[in-house]
Amino acid sequence: MTTRSMINPAEKSPANTVPPDGSAFDAFITVRLSAAAAIVEECARAMLSDGHFLNITELRILGYLKARSEASISTISRDLGVDKAWISRRIKPMEKRKLVTSKKGQADSRTLMISLTPTGARFYDQIRSDVIPHYAAIVDGIDIELLLKLLDKLESNVRAVNAQLHKGRRP
């Protein structure tokens, strides 16, 4: 199946039509979006390395746990889109720092349940207060509500295309 056959031109408005010369692909996806993501990631690394000694995914795990009482490694993996093995490897060092705790699940003792500790919650809040001014500068002049809608739609579109590309293929 080609990408062109997945798109129904009747469903697209003229404003959403991809130029046939591929300029939208070259100018937006491969160049600008990738470059912006790399720069944001580089900024995030710099912000987190400044005394926090945490990587971006570990911060995402802390934020995820802050919003919940506890979660299994499988649930965290699924919801954050991060490999279960990677999360499992990061939990022990985070436990040593007293940021999270783990315990066997009540329903299934093979399941490891992860919780944020009070120390982890304070640490997460401190990181947020340290980096929010930087993020505010990153999105200065941008309509955040519109940005979030666009990112949600882009993510949805990318997931749909990815599913189509992998349909019928073995992982």
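Which residues in H3 meet which residues in H4? I found Arg60, Ile61, Tyr64 and Leu65 in H3 meeting Thr75, Ile76, Asp79 and Leu80 in H4. Contact here means heavy atoms within 4.5 Å. Helices are DSSP runs (H or I, at least four residues), numbered from the N terminus.

Before going on, I noted that this is a predicted model, in which local features need pLDDT of at least 70 and side-chain atom pairs count only at pLDDT 80 or more, while totals for chains, interfaces and linings use all residues. Residues are numbered from 1 along each chain as its sequence is written, and side-chain values use heavy atoms, with hydrogens and water left out.

**H3 and H4.** I looked up the geometry of this pair: the angle is about 110° and the axes are 11 Å apart. Axes are lines fitted to C-alpha atoms, for helices over the stretch in contact, and angles run from 0 to 180 degrees between N-to-C directions. H3 is therefore roughly perpendicular to H4 (the class covers 65 to 115 degrees). The crossing of H3 and H4 is right-handed, meaning that the near helix is turned clockwise from the far one by less than a right angle. I sorted the contact residues of H3 with H4 into five nonpolar, one polar and two charged. In this sorting Ala, Val, Leu, Ile, Met, Phe, Trp, Tyr, Cys and Pro count as nonpolar, Asp, Glu, Lys and Arg as charged, and the others, Gly among them, as polar.

**H3 and H5.** Helix H3 spans residues 56-66, and its axis comes within 11 Å of that of H5, crossing at roughly 80°. H3 is thus roughly perpendicular to H5. On the H3 side I listed Thr57, Glu58, Ile61 and Leu62; they meet Trp86, Ile87, Arg90 and Met94 in H5. This contact divides into five nonpolar, one polar and two charged residues.

**H4 and H5.** I read H4 as residues 73-80 and H5 as residues 84-96, packed at about 120° with axes 9 Å apart. The two are therefore oblique to each other. Their crossing is right-handed. H4 contributes Ile73, Ser74, Ile76 and Ser77 to the contact, and H5 contributes Lys84, Ile87, Ser88 and Ile91. I counted four nonpolar, three polar and one charged among the residues of this contact.

**A charge over a ring.** The charged end of arginine 68 sits over the ring of tyrosine 64, 3.7 Å from its centre. The rule asks for NZ of Lys or CZ of Arg within 6 Å of the ring centre and within 35 degrees of the ring normal.

Notes
Parallel < 35°, antiparallel > 145°, perpendicular 65-115°, else oblique.
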